[in-house]
Amino acid sequence: MKLKKQVTVCGAAIFCVAVFSLYLMLDRVQHDPARHQNGASFPRSQISVLQNRIEQLEQLLEENHDIISHIKDSVLELTANAAAEGGQAIVLPLRLPNGSWVLPPENRPSFYYVASQDCQFALRSSNQKADLQMVAVSALLPHDNQDGGVWKQGFDISYEPHEWDTEVLQVFVVPHSHNDPGWIKTFDKYYFDQTQHILNSMVVKLQEDPRRRFIWSEISFFSKWWDNISAQKRAAVRRLVGNGQLEMATGGWVMPDEANSHYFAMIDQLIEGHQWLEKNIGVMPRSGWAVDPFGHSATMPYLLRRANLTSMLIQRVHYAIKKHFAATQNLEFMWRQSWDPDSSTDILCHMMPFYSYDVPHTCGPDPKICCQFDFKRLPGGRINCPWKVPPKAITSFNVAERAQLLLDQYRKKSKLYRSKVLLVPLGDDFRYDKPQEWDAQFLNYQRLFDFLNAHPELHVKAQFGTLSDYFDALYKQMGIVPGMHPPGFPVVSGDFFSYADREDHYWTGYYTSRPFYKSMGRVLEAHLRGAEILYSLALSHARHAGMDSRYPLSDFAMLTDARRNLGLFQHHDAITGTAKEAVVVDYGIRLLHALINVKRVIINAAHYLVLVNKEAYHYDMDTPFLGTDDTRLNQDSLPEKTIIKLEAAPRFVVVFNPLEQELLSMVTLLVNTPRVRVLDEEGQPLAVQLSAQWSSATDMAPEVYQVSIILRLPALGLSILQLSKSFDNHNTFKSSVRLFLHGRNLPVRKYEAFPVQVIPTATEDFCLENQHMQACFSGPSGSLKSVSQVGGEQEQKLSRQFLVYGTRSTKDKSGAYLFLPDGEAKPYVPKEPPLIRVTEGPFFSEVAVYYQHVQEVVQLHNVPGVDGLSLEISCLVDIRDHINKELALRFTTDIESKGAFFTDLNGFQIQPRQHLKKLPLQANFYPMPTMAYIQDARRRLTLHTAQALGVSSLSNGQLEVILDRRLMQDDNRGLGQGLKDNKRTCNRFRLLLERRSAASKVQETQIVSFPSLLSHITSMYLNMEVLVMPVVQEKPPPPSLRSFVSLSATMPCDFHLLNLRTLQGEDDSLPSTETALILHRKGFDCGLEARNLGFNCTTTQGTLPVGGLFQSLELVSLQPTSLTLMYPLAPSSPNSTVVHLDPMEIATFRLRFG
């Protein structure tokens, strides 16, 4: 019956195509002008016209005949397949006369259902009110940089002598040492030269006087030191922490960059640090300390609040904002998320008021005076005061005068805050590395404190304190418990980008600096997440089957190592690209080492999960069961995809979908023969698009072929494919190629297997299309010109241009940190016209454009759903012969964006931006870790990115991104080097154009915005690619394999499974029986037209039954915890395994499987 139906459908298709083709023929004849001539006399010219028409008719009949015979072949094959026992018929793509391809309809149509309640969040969020919205504050400030006197970027501060008569000034001096895990030296070199000495002295010197205090922040260094000290010293450290002399502030693996880092990695390094602290010292951090990141993201206060911290401190904020906050006594505020409907995300934040976190800029407004109280700079030492007045050791003779001088600074500084409690940090980079410095600072300050405290008429109480000592005293003075809102303190929402420390020196260059490593870090992140999930599942399944003794538990040590290397790379001199060249290489080696390790973990887990007979599982470290998806020769090499060698015996391939949603996507493999047959797990043949692999613009690589197939992959699942060499090419469609040489006389190396049309010059524009959209390109330049949606409105202008920024000719030039351009960007003009290669086929089409410094490939996938709704763009950039240039990519549209644009913060949330004409060009650049968009009342254009880069919108309807920077000089921020170690770097993007539905309105001034669900999932497609792993063993044939489905139910499509992280056991290198499940419910905008996503997309108002979520695994316990698992939280209902998340919420649960 089913066979009859299919034959009938195909017969109907043949009939339709035949009728359509005949209609076209008639239509062409009808338009013949000769038809209107009178009578029967045929002049010669008309006879020749008639002859031409007959020839055209014959050609059309021939084309029609080809199509019909093609369909007939398909029907025959379909019939043969259907006749086979239990066979599933393969329906092949069909090429229409106009050259476009029609794919067979999906055998499983998908649906899209979003509950109307789930659309309310984005609408309600636009009504949130904070006292200070940072976008509005920046727009209102004059940015006039007036000279403020001794406090150059501020103003004169005065006070009345009797202001403290009723309430004394409480001063907390907080000794600290800022240790960069890599910057001028590598992590290890810093540790051996300085950090170990700081920590060793700390143990001795804090024990000398119980009044002494110290804070520490970087657990990466602390854990390395801990591994090298005695049990006796460890006990002393625990005592110092216990009695409050030593505080662990923030407690992350590093003090992360907040511009380029992704929220997965930010959370991961925080968990790594907190878990280490809990296990080794038994301490839970209470306050955040971030003195050195170059600008601050609103994501950080959210994460710290979720980890149960109650207060935080920030330092590097634009000097004009500091001045404004100081003038209005708003330097301490409740930082609230812009989408928060109440105050659940509020955290108290202290902003330091002055230029730097060093001693000259922390005691008060006058650095010349404060420097005299940095006792490391006493005469005879290695460093001195630039203001030419050295410190004096405190004696009984000078203590009164010195204390009075210092108290004056303390009082002035306290006038900038609302309370009578004052925080005074005392430290700098790698301070306290010698016992002499500990003595100089602590003894001299103690003499000053003793004098001040002994004179009640001064109304001051001064002491050493930790960060939390300060916040506790502040809360106590305000009469509230920690974490509550101090009365009168303002609520602030938004972020503190972009940062300028003086003049027009904006730190917006580091958003792009060293993009090769920014990209590599993100690749490691995606692989680490995949490894965590597969390892946790494989281990749980192995335990369930009583096989855990045979599973390589040692893989846990590799996971730990990778977590720590990824964590280290989030440091604010690593991912930022602002370290010395040798240090960058050290980070690169660590990233590569971690990447190799997590690939091994993925392979071992996948091997176990796909084996039919688990008893046959055998782990061999030397001969892994699966090969990797790609390999990297060195830490600075681009990845090379694995080529699957096909002989007579079939090869099996395991495909991993790292998304928590089912995936319908095009997957491309490389093989060594054009004669290839691909079967799915049931043994059914799949249609294949076969393309050449090009080693250059005009050279086909010998014996390497691209095989592209469309696969439907289970969520977080593993699928099996079978590849074999086959001479039956019924299911193989070869890509057609057109090569435009633009007058350049170049040899073209091509092979018989592929039809290549070489065209010397091209002037006409051309288009690519799939079932959703059409993209048109300029013939001469190959650059994108416009896109239009199938069945949609008119063509949308969308043009692409490469541009070049220079740097200034004055003394201050661009460097690793700063972007100081010499004016607007100029068009990139290559020496020779580009070579353009257009490839077309049933599953994808692409335009490859080769310029001297950049190779751009724009790809359109002919796939129903997410994969086919955006353009995939990759730019292979090589600017190693440039001098002081930055390469930018700009898209220009006719969207009426009016200066507004939107960038993401850490891939977690969207921050509205406004182009401010009053500010210099470089001030209008912002970080773009995952996306940026512009919009008007009708459309939204989103640029999704697979690596963090700097972005701006400098004109109406434009989006531009800096691809790479090559700069020959230092920019005077301490690095002492330019950026001259550029690599060949591949930047990957997706460009998504969406229509706003008629009912949806865009707010004129938006303080909050959200991507659509389609946009969220597009970002995940780009950042978490499918992994293709060939089975290494060919002979004898490998054991039976079957696909692994990890989830027994579909997850709501606004939920993201951020991580499934196996927790550490008693032995550091072995896993415990507990797993951390981290979920994020995404906020999304329903106002953009819903499209078929290619999978069933539903939302559930934030509920998710975790009990039966993981197939074949029984959930024994589910404990909600704080973000980093330090605090257990009360479950919403006892013994329930159903979790509920609010929109935007990130929640962590401790799981135990039976």
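Reply: A disulfide here is a pair of cysteine sulfur atoms within 2.5 Å, and since this is a predicted model, the pairs below are read from predicted coordinates.

Me: OK, how many disulfides does that rule give?
Reply: The count under that rule is five disulfides, and when the bonded cysteines are counted along the protein chain, the pattern is 1-9, 2-3, 4-5, 6-7, 8-10.

Me: What does C371 pair with, and what's the handedness?
Reply: C371 is joined to C385, with an S to S distance of 2.1 Å, and because the torsion about the S-S bond is about -100°, this disulfide is left-handed. Both cysteines lie in the loop between helix 11 (367-370) and helix 12 (399-414), so the pair ties together parts that are 14 residues apart in sequence.

Me: And are C371 and C385 buried or exposed?
Reply: C371 and C385 are both buried.

Me: What about C363 and C370?
Reply: C363 and C370 form a disulfide with their sulfur atoms 2.0 Å apart; the link is left-handed, with -90° about the S-S bond, and both residues are buried.

Me: Now C119 and C1086, how far apart are the sulfur atoms?
Reply: The sulfur atoms of C119 and C1086 are 2.1 Å apart, and the two form a disulfide, which is left-handed at -85° about the S-S bond. C119 sits in the loop between strand 3 (112-113) and helix 3 (120-125), while C1086 sits in the loop between strand 47 (1071-1081) and strand 48 (1097-1098), so the pair ties together parts that are 967 residues apart in sequence. C119 counts as buried at 16% relative accessibility, whereas C1086 is partly exposed, at 28%.

Me: Switching topic: which residues of helix 10 are buried?
Reply: In helix 10 (residues 319-327), the buried residues are Y319, A320, I321, K322, F325 and A326. They pack against several elements, including helix 4 (134-140), strand 10 (332-335) and strand 11 (347-351), and just after the helix Q329 takes a positive phi of about 55°.

Me: Last one, what does UniProt say about 505-591?
Reply: The UniProt annotation, from an unreviewed entry, is "domain: Glycoside hydrolase family 38 central" for residues 505-591. In the model, that stretch is 64% helix and 0% strand, with its end C-alpha atoms 31 Å apart.

Technical notes:
Residues are numbered from 1 along each chain as its sequence is written. This is a predicted model: local features need pLDDT of at least 70, side-chain atom pairs count only at pLDDT 80 or more; totals for chains, interfaces and linings use all residues. Side-chain values use heavy atoms; hydrogens and water are left out. Buried means under 20% relative accessible area, exposed over 50%, partly exposed in between (1.4 Å probe, protein chains only). Helices (H or I, at least four residues) and strands (E, at least two) are DSSP runs, numbered from the N terminus. Contact means heavy atoms within 4.5 Å. UniProt positions are given in the numbering used here, feature names are shortened, and annotations may be inferred rather than shown by experiment.
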